[in-house]
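Visitor: I have a structure open and would like to go through it. Can we start with the rings and see where that leads?

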Amino acid sequence: MSLFTWTLAFSTIAAVAPAPEAQLRLAALVSAVRSADYRGDRPALARLDAELDALDAGPLTDYRLYWQGFARWRRAMNGMNETPAPADLAGDLEVALAYFQASLHRRPDWIEAKVGVAGCLGNLAYLQRDDPEKMQALMGDFAATYHWMDANGRGNPRALWILAGIEFFAPPPRGGDMARAAATTGRGLELSWQESAAGEAPAWVPTWGGPEHLMNLGFMYSHAAAPDRTAALAYAQGALTAVPEWHYVRDILIKQIEALPAAAAAN
């Protein structure tokens with residue numbers, strides 16, 4: 001290979017690969033976003049979105065956009081646990097949706113961004129529950145992504161987190177099935193363990209899901225038609241063991257479970 005060819009090849013690689021400092025910065029910001037989400041730190045999530053936006057991530061821009069969407073999505077979800085609910089929930093979800101869609105524009109049919117789109121649309125529809133026309137329009141958009149994930153995402157733990165939620169919360173015949181939702185969540189938990197055992201991925205690759213599935217099981221068993229206090233508490237405590245800083249599980253969910261009557265342990 002000639003010197004010219006070597007130089008051209010090196011220049012091409014340099015143009016494709018992000019600078020090491022950009023990779024380190026992206027990794028640090030992603031870790032900060034995940035921590036802020038668990039801690040319920042909404043101001044930090046807004047600030048981290050802005051810091052990600054200022055980062056030139058090069059070929060990792062699809063990941064940068066994903067985590068900007070994630071930060072705004074989880075900022076809204078954390079806000080839903082506050083009383084009174086903040087007035088900016090829909091705004092955050094709309095911004096998050098735009099980020100996820102921009103990521104999909106760069107990387108069509110990326111399951112991780114599809115999960116974010118579905119989550120945002122579902123949350124937006126919930127916020128419009130008092131306006132049937134707007135809610136139905138959002139659910140129409142949600143349905144297309146849901147059906148795609150149902151057909152293509154059953155091997156992805158984060159897609160299963162969304163799908164299990166529909167199986168639990170949606171009205172019959174698509175939802176309202178505790179046994180089916182718990183089985184889907186259990187499968188998601190298994191896949192999360194397999195993902196972890198496969199080796200550590202770069203921080204910007206989405207790998208969340210394991211603790212979230214444990215949290216979901218805690219919620220499901222405590223909010224089922226026949227609550228099981230013992231099972232719910234075990235799953236919630238498992239989630240908190242995995243993520244000790246998790247504000248929602250520690251300060252909200254476990255307290256709800258502990259408030260269940262002792263008789264619920266027998267169901």
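Guide: What follows goes through aromatic pairs, a helix, a pocket and some backbone details of this predicted model.

Visitor: How many aromatic pairs does the structure hold?

Guide: There are 18 aromatic pairs in the structure. Take Tyr66 and Trp67: their ring centres are 4.9 Å apart and the planes meet at 85°, so this pair is edge-to-face.

Visitor: Are Tyr66 and Trp67 buried or exposed?

Guide: Tyr66 and Trp67 are both buried.

Visitor: And what about the rings of Trp73 and Trp208?

Guide: That pair is edge-to-face because the planes are at 70°, with the centres 6.2 Å apart. Trp73 is in helix H4 (residues 61-79), while Trp208 is in the loop between helix H9 (178-197) and helix H10 (210-223), so the pair ties together parts that are 135 residues apart in sequence. Trp73 and Trp208 are buried as well.

Visitor: Which residues form the aromatic cluster?

Guide: Tyr63, Tyr66, Trp67, Phe70, Trp73, Phe100, Trp110, Trp161 and Trp208 form one cluster.

Visitor: Which residue lies over the face of Trp110?

Guide: Arg107 does, at 4.2 Å from the ring centre. Lys114 lies over the face of Trp148, at 4.7 Å from the ring centre.

Visitor: Changing topic. What should helix H12 span, given its residues?

Guide: H12 covers residues 247-258, which is 12 residues, and at 1.5 Å a residue the helix should span 16 Å. Its end C-alpha atoms are 16 Å apart, which agrees.

Visitor: Which residues in H12 are buried, and what covers them?

Guide: Tyr248, Val249, Ile252, Leu253, Ile254 and Ile257 are buried. The cover includes helix H2 (20-39), H10 and helix H11 (229-242).

Visitor: What volume does the largest pocket have?

Guide: The volume is about 1,500 Å³. The lining of this pocket counts 44 residues, and Met77, Met80, Asn123, Tyr126 and Phe169 lie nearest its centre.

Visitor: Which helices supply the lining?

Guide: At least two residues each come from H4, helix H5 (89-106), helix H6 (111-127), helix H7 (132-152), helix H8 (157-169), H10 and H12.

Visitor: On to the backbone. Where is the cis peptide bond?

Guide: The cis bond joins Thr83 and Pro84, with omega about -5°. Pro84 lies in the loop between H4 and H5.

Visitor: What is phi of Asp109?

Guide: Phi of Asp109 is near 65°, a positive value in a residue other than glycine. Asp109 sits in the loop between H5 and H6. With a relative accessible area of 46%, Asp109 is partly exposed.

How values were computed: Residues numbered from 1 in each chain as written. Predicted model: local features only at pLDDT ≥ 70, side-chain atom pairs only at ≥ 80, totals over all residues. Heavy atoms only, no water. Phe/Tyr/Trp six-rings, centres within 6.5 Å; stacked < 30°, edge-to-face > 60°. Buried < 20%, exposed > 50% of the residue type's maximum accessible area, 1.4 Å probe, protein only. Helix = DSSP H or I, 4+ residues; strand = E, 2+ residues; numbered from the N terminus. Lys NZ or Arg CZ within 6 Å of the ring centre and 35° of its normal. Expected span 1.5 Å × (residues − 1). Contact = heavy atoms within 4.5 Å. 1 Å grid on protein atoms, 1.4 Å probe; cavity = no way out; pocket = protein on both sides within 12 Å on 5 of 7 lines; lining within 4 Å. Points joined across faces, edges and corners; volume = space filled by probe spheres on them.
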